[in-house]
Amino acid sequence: MDQSASNRPVFVSLGMVILDEIRFPNRDPVIDKLGGSGLYATLGARLFKPSPKTADVGCVVTAGCDLPEWAIHLLESWEMTLLLIRDDLKPCTRGLLQYGDNAFGRNKFKYVTEPLRPSPNLLADSNLLHATSFHFLATPKDLEEQVTELLKLRKEHDIAERPLIVWEPAPLGCDSAHLERHLKACALVDVFSPNRSELCSLFEGKSETETEFSASTVEAQATSFVNAGIGPNKAGLAVIRSGEHGVLILSNTKQAKWLPTYYKKGSTEVVDPTGAGNAFLGAFAVAFQETNDAKEASLRGSVAASYALEQLGPPQLTPPSSQSGELWNKSDVQLRLQDFKARISKE
């Protein structure tokens, strides 16, 4: 399949699109919210690919027999390159997310149905195989298998270019017993991006309580990954998402740099943090390809995360009209980015 550079998708996530139940203390649970790392990473990329470039973003959905029609209509309304694969013999992937406090500091997640995970072989007959970047949420073992399979498929289809590979380590696998596996697996990817809690768990083991934030500790832990080698040529990036404390970017050629979040701690605009980190990475991947600038990519990532934070589930898209371009939550993405840059330039 011949694909010119102009019509290759710029982003595909191989994370899952799932239906979430979200439980908070002292509040009624929220049922059947569309979520998952794949959905939110795709959202982040899509926010920075408005019409007429919406098809630049690919979306893979492995769905069961009970995927609601409203969910399909929502995804179709984003006008991406959508690959929907149904298994009529199994239910959709469903997750239960329980927050331990109203500050979102502690949470527990589990699947309540068998996960239907996307895999690279699903892309064999799709132009999504030609994408210039891929996002994975995976354990080291699954990452190795999927990246190997992806690159093999691309070679079989005469796709010579190596894509940008962004790895978000699976939270359930982030434990000190698995540190060496994560260090080794980083050689396969270009961007390694755990959140602060996941990074801490890789060095100190899992804990029921949130570890007190220390910028120097995060930097030291991230440096261990950079020194071990991120990417085939050890030229990759560590991008550590640290909630209200901001994001750390670090590589063998870039000194540690902290960048702020769009919403500050305690902002009343923050409703639910679910998916914010995934959205960050989708926008980061798109921007880094366009600019080769990790700072610019991180700023766009933080703006994308802000849209995920403002409600339960994904934000509301208003299509472009004669009066304005498309809006998300009644807000222009580029204007929000400009506002963000102006604000931090004064800090």
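How many bridges join strand β6 to β7, and do these strands run parallel or antiparallel? In this predicted model, β6 (residues 94-99) is joined to β7 by five bridges, and the two strands run antiparallel. Within this pairing, Leu96 has Lys110 of β7 as its bridge partner.

Strands β6 and β7 belong to an open sheet of four strands, in which the order is β3-β2-β6-β7 and the pairing is mixed. The edges are formed by β3 (30-35) and β7 (107-111), each of which pairs on one side only. From one strand to the next, the twist averages 25 degrees. In general, strands of a sheet pair through backbone hydrogen bonds, in either a parallel or an antiparallel arrangement. Helix α2 (residues 69-77) lies across β2 (18-23) and β3, and runs at about 35 degrees to β3.

Nonpolar side chains in soluble globular proteins tend to be buried together. In the model, the largest nonpolar core comprises 58 residues. The residues with the most contacts inside this core are Phe11, Leu47, Phe48, Val239, Phe284, Val303 and Trp328. The most is given to this core by helix α7 (residues 276-291), with ten residues. Apart from this core lies another, of 37 residues, which includes Val12, Phe134, Leu143 and Val189.

The surroundings of Leu47 were also examined. When residues up to four places away in sequence are not counted, Leu47 touches Ala304, Tyr307, Trp328 and Val333. Of these, Trp328 is, like Leu47, among the residues with the most contacts inside the largest core.

Methods:
Residues are numbered from 1 along each chain as its sequence is written. This is a predicted model: local features need pLDDT of at least 70, side-chain atom pairs count only at pLDDT 80 or more; totals for chains, interfaces and linings use all residues. Side-chain values use heavy atoms; hydrogens and water are left out. A nonpolar core is a set of buried Ala, Val, Leu, Ile, Met, Phe, Trp, Tyr and Cys residues joined through side-chain atoms within 4.5 Å. Buried means under 20% relative accessible area, exposed over 50%, partly exposed in between (1.4 Å probe, protein chains only). Contact means heavy atoms within 4.5 Å. Two strands pair if DSSP finds at least two bridges between them. Axes are lines fitted to C-alpha atoms, for helices over the stretch in contact, and angles run from 0 to 180 degrees between N-to-C directions.
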